[in-house]
Amino acid sequence: MKNSFKQVFVCTSCGATHPKWLGKCPDCSAWNSIQEETVSKSHFNHNSTKATVVPLPKVEEKLEKRIFCGVPELDRVLGGGLVVGSLVLLSGDPGIGKSTLLLQALNGLAQRGFKVLYASGEESCTQIKLRAERLGSLNPNILVTNETNIHSILEATKQICPHVLVVDSIQTVYNPELPGSPGNVSQIRECTNLILQTAKGEGISTFVIGHVTKEGSIAGPKVLEHLVDTVMHLEGDTSSGYRILRANKNRFGSTGEIGVFAMQGHGLVDIPNPSSVFLDENKRSCEGAAITVSMEGTRPLLIEVQVLVGKTSFASPRRLATGFDTNRFTILLAVLEKRAGLYLSNVDVYANVTGGFKIFEPAIDLATAAAVASSLFNKPLPVKTAFFGEVSLSGEVRMVNHALPRILEAYKLGFEKIYIPLRNYQQEKEHILKLLEKAEKPFFVIPIESVNEVIRFDN
């Protein structure tokens with residue numbers, strides 16, 4: 001078939017197609033994101049077919065059927081279980097535990113009588129069996145194959161008719177009808193399309209494991225994330241014993257939900273109360289340490305923020321934050337110097353979130369400000385005290401979402417005081433007063449309007 005294929009250049013960031021290579025994508029302004037791709041010319045032939053149009057009120061409602069994987073934290077991130085016929089993408093750094101987590105989930109499904117198929121292009125069947133023995137996941141309902149041809153995998157799927165399919169990984173499978181090696185843009189997109197059609201057409205719940213780049217983003221075209229129903233990312237330091245599973249996209253549940261695991265010799269173990277993990281094990285008071293309450297999806301977490309202030313030996317002092325945005329941390333220090341009168345121009349300031357956790361919400365600002373003042377004046381904060389609230393450039397403590405669940409979580413874990421934004425107190429005053437009336441132990445909710453009130457208290 002001469003001239004049956006055509007060379008195009010596709011942006012892996014936004015998916016835009018260009019006739020030639022460019023250093024910068026004109027559509028999304030991403031640099032070095034355009035890659036050459038070979039596609040069939042028939043891909044550009046648009047044969048018109050009659051589309052079925054239905055009025056929205058007459059669309060038939062279908063209740064989503066879910067099956068539990070037997071791993072509570074995974075089921076939580078999925079939104080209450082695995083939806084039948086859904087396509088889930090799981091990504092993470094090498095060696096973080098992606099295959100281990102899915103093999104444990106497959107064992108939980110197999111124990112309840114579900115037939116599952118594990119198609120691995122990275123490991124042999126012997127290697128999978130050795131891991132399953134270590135995890136205690138040997139089950140006759142788990143079927144394995146060492147195949148990378150996407151047609152062979154889908155043909156085996158149609159013959160076996162499993163309830164759940166796992167493809168490990170999408171970067172190793174290939175379509176022999178397309179030129180190019182496995183892992184390029186066209187191979188990933190077309191193989192994912194074929195998997196999607198099988199999952200939706202046959203009602204097979206499918207997990208697809210994806211590699212990540214050195215920047216931490218999912219390798220391959222951005223369209224890969226658009227095709228799937230759920231995008232999950234397993235994160236954590238490989239030297240640490242904890243792993244965090246985060247849902248970045250979920251069509252059947254809450255986006256931003258997290259699950260927490262502990263990596264042990266027999267696999268990943270669920271941690272139902274992650275607040276106890278992220279709080280420092282040392283219970284004594286220490287300067288520069290403050291507790292905040294962060295919302296991750298629908299789950300409130302108590303996390304310790306640590307700040308170290310020390311005299312600098314450089315002309316330009318260092319500002320370094322681990323676990324949250326360094327730029328936001330630098331802005332917060334400028335606000336404390338301008339609005340609260342803290343002299344920080346001649347000191348280095350380092351901040352850290354314990355447990356290797358990463359916080360993406362601004363509610364950590366108030367706790368960070370308290371920790372900075374505590375370390376600067378060498379005065380520890382009161383024990384069993386928590387803070388949450390966003391600090392604006394004017395020094396005002398602004399309200400945050402889900403204030404009541406944060407307060408309830410702090411009370412449940414034995415905290416005696418919690419500093420919250422004034423606006424949140426005004427909105428939730430009725431519920432807060434009821435909580436204080438029913439409290440069996442001393443508990444105080446202190447509204448804060450300006451960051452100066454915390455700094456004066458600390459000083």
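Which residues are buried in α8?

## Helix α8

In this predicted model, the buried residues of helix α8 are Phe329, Leu332, Leu333, Val335 and Leu336. These residues lie on the same side of α8, because the arc they cover around the axis is only 160°. On the other side of the helix, Asn327 and Lys338 are exposed.

The helix itself runs over residues 326-339, and its 14 residues reach 20 Å from the first C-alpha to the last, which is close to the 20 Å expected at 1.5 Å a residue. At the start of α8, the backbone nitrogen of Asn327 has a side-chain oxygen of Asp325 within 3.2 Å, and after the helix comes Gly341, whose phi is positive, near 75°.

In soluble globular proteins, nonpolar side chains tend to be buried together. Here the largest nonpolar core holds 45 residues, of which Val307, Phe329, Leu336, Phe357 and Phe387 touch the most other members. Two or more residues are given to this core by each of the strands β13 (258-264), β16 (299-311) and β18 (347-353), and by each of the helices α8, α9 (365-376) and α13 (451-458). The largest share, seven residues, comes from α9.

Phe329, one of the buried residues of α8, is in contact with Leu320, Ala321, Phe324, Val349, Ala351, Thr368 and Val372, when its neighbours within four places in sequence are left aside.

## Aromatic pairs

Three aromatic pairs are found when the whole structure is searched. One of them joins Phe387 and Tyr419, whose rings are stacked, at 5.1 Å centre to centre and with 15° between the planes. This pair links distant parts of the chain, since Phe387 belongs to strand β19 (residues 385-387) and Tyr419 to strand β22 (residues 417-421), 32 residues apart. Phe387 counts as buried because its relative accessibility is 0%, and Tyr419 counts as buried because its relative accessibility is 5%.

Another pair, formed by Tyr411 and Phe443, is edge-to-face, with 5.2 Å from centre to centre and 65° between the planes. Distant parts of the chain are linked here too: Tyr411 is in helix α10 (residues 403-412), while Phe443 is in the loop between α12 (429-438) and β23 (444-448), 32 residues apart. Both Tyr411 and Phe443 are buried.

Technical notes: Residues numbered from 1 in each chain as written. Predicted model: local features only at pLDDT ≥ 70, side-chain atom pairs only at ≥ 80, totals over all residues. Heavy atoms only, no water. Helix = DSSP H or I, 4+ residues; strand = E, 2+ residues; numbered from the N terminus. Expected span 1.5 Å × (residues − 1). Buried < 20%, exposed > 50% of the residue type's maximum accessible area, 1.4 Å probe, protein only. Arc of directions from axis to C-beta. Polar contact = N/O pair within 3.5 Å; in protein donor to acceptor, adjacent residues only side chain to side chain. Core = buried A, V, L, I, M, F, W, Y, C linked by side-chain atoms within 4.5 Å. Contact = heavy atoms within 4.5 Å. Phe/Tyr/Trp six-rings, centres within 6.5 Å; stacked < 30°, edge-to-face > 60°.
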